Amino acid sequence: MDKNQSRRQVASMKQSLFDQGLLDEQFIQLEGLQDDANPNFVEEIVTLHYRDSSRLISSIEQALKERNPMDFNKLDTLMHQFKGSSSSIGAKKVKAECNLFREYCRAGNAEGCVRSFQQLKKEYVALRKKLEAYFQLARQVGPQETACRSK
Amino acid sequence: MAHEKMRTKLTALVVDDNKLNRKIHEKMLESFGVKSEGVENGREAVDIHCRGHRFDLILMDMDMPVMNGIEATKELRLMGIGSIIVGVSSRCTEAEIRKFMDAGLNDYHEKPFNTAKLSSILDNI
């Protein structure tokens, strides 16, 4: 595959992430900060996010096991942090699941929390895999003008 | 660009317990030619000022351990720090924003922070 074809594939892959509602404008903001000194800035940020958020995921899983009673304040606080980190990379769908989880926390709905957390984890893992594939291809193509507006 | 040349003399302090946010905000500031430092909580923000450092702009998160943004803003104002302090938080109820503003902020922006918001802040410094 020649370089131009690869570049088109990278662009198409990225556009697809926006079209599926997985990413929002914040991702574009991060790309806009990439420069010659930090050509992999977005990948660094995303890697940092997944490192930090995996700890939060474990903490939330642990807190969800405490059923008598479930500590909804603790869960809400953890999810607030997780949502903040997800928002920072533009993880749109994950952020929406965070909001749903927090609504269940505020309603004191334990089953709702468990269900929405399962869905959140699915979205979280799915996006992670897609971003890993995207960055892997982007690295092969090399530094380029990647910032572009989503449609 | 001319406005970026003018901004190269500005300094900023990023106060946020989240390393990811500090990294992003510092990179945004760098893109405008603003030299920045980052600290993890309000206590460190106060301490750095006690050591004599001064900044043109302080980006202050609200929820932080040890000392939160509201307490830190109050203390900095009591110390006579006249820097532009901008609250940056994911809290969004009016009551929470009002409480933060009343602590002594010049401005408040909801996270995620972006270059458009930063540009509007820097235009007023």
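1. B:Thr115 lies in helix 6 (residues 115–123) of chain B; helices (H or I, at least four residues) and strands (E, at least two) are DSSP runs, numbered from the N terminus. The model is predicted, so local features need pLDDT of at least 70 and side-chain atom pairs count only at pLDDT 80 or more, while totals for chains, interfaces and linings use all residues. Residues are numbered from 1 along each chain as its sequence is written, chains are lettered from A and ligands numbered from 1 in the order in which they are written, and side-chain values use heavy atoms, without hydrogens and water.

2. B:Thr115 counts as partly exposed because its relative accessibility is 24%. Buried means under 20% relative accessible area, exposed over 50%, and partly exposed in between (1.4 Å probe, protein chains only).

3. Beyond its neighbours within four places in sequence, B:Thr115 contacts A:Gln29, A:Leu33, B:Met28 and B:Phe32 (contact: heavy atoms within 4.5 Å). B:Phe32 is 83 residues away from B:Thr115 in sequence, with a C-alpha to C-alpha distance of 8.8 Å.

4. Strand 3 (residues 57–60) of chain B is covered on both faces: B:Leu57 and B:Leu59 are buried on one side, B:Ile58 and B:Met60 on the other.

5. Strand 3 of chain B pairs in parallel with strand 1 (residues 11–15) of chain B over four bridges; pairing requires at least two DSSP bridges between two strands. B:Met60 is the bridge partner of B:Val15.

6. Strand 4 (residues 84–89) of chain B also runs parallel to strand 3 of chain B, joined by four bridges. Here B:Met60 stands opposite B:Gly87.
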